[in-house]
Amino acid sequence: MEFLNPGEKVKNIRKLLGLKQEKLEEIGVSRNFISMVEHDKRKLNKRTAAKVLSVFQNQAKELDIDLDIDVKYLLTSASDEATSYCREKLNSDFTMDEIEQLIELCNKYKIVEDILPNLFMKKADILFDKTIYNEAFVEYYNALEIYKDKKDIENKALVFNKLGKCKLNTLDFTESLAYFIRSNNLSSECNNLTIKQHSLFNLAIIYGRIDKLEEAHTYINNFISICDSKNDLYEIIQAEVLRAVYYAREGKYEKSIETYLKILVKETQIKDATLALIYNNLGSDYLEFNDLENSMECFNRAQHLRETRDTSKLCRTLIDKSKVFIKNKLTNEAIKLLNEGLDMAIIYSDLEYLISGFNLLEEIYSSLQDDNALNLLYNKVLYILKNKANNQYLANVYAKICLNSLIHDSKNENNPEFRNKLIDLSVFLNKSLNFSKNDFQ
């Protein structure tokens with residue numbers, strides 16, 4: 001889309017109407033002045049623009065042309081017109097292509113204001129919702145650079161929180177923690193309660209992910225303390241669910257189950273996604289007590305809710321539920337569930353459960369001494385991880401799979417020492433991977 005400066009508009013309209021520059025001398029200006037205006041070397045004032053418009057309208061009337069313009073149109077710069085157009089579009093629903101076009105306009109006409117960072121944020125949100133977290137991170141960071149220049153503390157706090165969520169979903173826990181801390185500090189500085197709540201809650205999540213559970217409980221308490229018991233009931237329920245997750249992480253399964261059952265008293269007030277999470281986590285807790293009947297019942301309820309309301313997290317229920325079949329020594333059923341869960345984890349870029357499902361399948365195939373299935377599994381996961389191993393956590397997984405694949409493919413029986421060293425390294429990498437249970441998602 002093209003926008004024109006005043007001189008370009010005068011020139012285009014004059015030619016459209018078949019007028020020579022000399023015709024405009026009738027309004028009391030020289031031909032040289034008109035030429036300079038058309039080349040944007042001189043500016044029209046409001047009075048002269050009105051006279052030019054009058055000449056154009058008279059000629060258009062003679063030619064029976066509908067010329068729907070005014071003085072404001074003749075005086076508005078291309079940059080101002082593009083800015084108005086983009087600002088108006090901000091209130092619309094966007095496709096990714098439309099956002100790209102508007103960003104291109106902003107760059108072309110040097111529009112920054114609040115429009116360009118807003119477009120970066122909208123683009124990032126779409127990417128985030130599509131689970132394309134690394135690309136979303138780049139767009140959020142583009143917005144942040146502008147907010148930094150503008151010293152916009154509130155929006156900086158918001159963006160830091162979103163950057164942290166991108167890193168959380170790609171398992172970059174150290175970076176994620178740094179962004180959430182920055183968001184929390186800035187939210188206090190600008191006194192924004194909503195962003196403060198989000199940052200505290202996310203800090204509770206990330207401290208749990210790095211196994212600093214005492215700090216995680218502290219942030220849960222801090223979060224609840226700034227919530228309104230009536231208006232923020234759903235948010236408080238989410239915090240209590242997270243608390244139960246950490247009880248289970250500490251091995252306090254009875255306390256975890258007790259917390260979930262108290263929450264379920266308010267079942268009618270709980271959103272389906274949270275309800276599915278509660279039943280999923282209850283299934284895992286009951287499994288720890290070897291209560292397979294209650295465990296399976298809870299997993300089935302979670303599966304039904306996620307199949308109908310929250311398919312992005314269905315892979316988690318399928319993979320966790322497979323553990324009941326593993327305990328019952330129903331290997332074929334477990335393998336089927338794990339493969340279904342693995343495929344869904346791939347679709348929704350759920351890296352944690354992709355790895356969790358892989359580990360369970362690897363254990364099963366290894367115990368069955370099914371080298372064929374193992375090699376297929378390694379190749380599948382290697383293909384998925386090769387463009388995602390962008391942090392130490394995933395790099396360790398990638399390296400582990402490479403080594404295991406090499407071990408199983410090794411035909412060099414004359415060098416057992418080399419093979420043994422590979423096995424030792426594989427064991428070391430295995431120990432370096434600390435997968436959490438009952439994740440809060």
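**Close-up views of a predicted helical chain**

**View 1. Surroundings of Gly164.** Setting aside neighbours within four places in sequence, Gly164 is in contact with Ser176, Tyr179 and Phe180; contact means heavy atoms within 4.5 Å. This is a predicted model, in which local features need pLDDT of at least 70 and side-chain atom pairs count only at pLDDT 80 or more, while totals for chains, interfaces and linings use all residues. Residues are numbered from 1 along each chain as its sequence is written, and side-chain values use heavy atoms, with hydrogens and water left out. Gly164 is found in helix H9; helices (H or I, at least four residues) and strands (E, at least two) are DSSP runs, numbered from the N terminus. Gly164 counts as buried because its relative accessibility is 0%. Buried means under 20% relative accessible area, exposed over 50%, and partly exposed in between (1.4 Å probe, protein chains only).

**View 2. Helix H10 and its packing.** Helix H10 (residues 173–190) has 18 residues. From first C-alpha to last, H10 reaches 26 Å, close to the 26 Å expected at 1.5 Å a residue; the expected span is 1.5 Å times one less than the number of residues. Buried residues of H10 include Phe173, Ser176, Leu177, Tyr179 and Phe180. The buried residues of this helix pack against helix H8 (133–149), helix H9 (153–169) and helix H11 (193–209). After H10 comes Asn191, with a positive phi near 60°.

**View 3. Aromatic pairs.** Rings of Phe, Tyr and Trp (its six-membered ring) pair if their centres lie within 6.5 Å; planes under 30 degrees apart count as stacked, over 60 as edge-to-face and the rest as tilted. By this rule the count comes to nine aromatic pairs. Phe3 and Tyr109 form an edge-to-face pair, 5.8 Å centre to centre with 80° between the planes. This pair links distant parts of the chain, 106 residues apart: Phe3 lies in the segment before helix H1 (6–16), and Tyr109 in the loop between helix H6 (96–108) and helix H7 (115–129). Both Phe3 and Tyr109 are buried. Phe128 and Tyr133 also form an edge-to-face pair, at 5.0 Å and 70°, and both Phe128 and Tyr133 are buried.

**View 4. An aromatic cluster and charges over rings.** Phe137, Tyr141, Phe160 and Tyr179 form one aromatic cluster. The charged end of Lys167 sits over the ring of Phe137, 4.4 Å from its centre. Elsewhere, Lys9 lies over the face of Tyr73, at 4.2 Å from the ring centre. A charge sits over a ring if NZ of Lys or CZ of Arg is within 6 Å of the ring centre and within 35 degrees of the ring normal.

**View 5. Nonpolar cores.** A nonpolar core is a set of buried Ala, Val, Leu, Ile, Met, Phe, Trp, Tyr and Cys residues joined through side-chain atoms within 4.5 Å. The largest has 74 residues, and those with the most contacts inside it are Ile206, Tyr246, Ile278, Tyr279 and Leu282. Helix H19 (residues 351–367) gives the most to this core, with nine residues. Leaving aside neighbours within four places in sequence, Leu282 is in contact with Ile257, Tyr260, Leu264 and Cys298. Another core lies apart from the largest one and has 38 residues, among them Leu90, Phe94, Tyr147 and Leu163.
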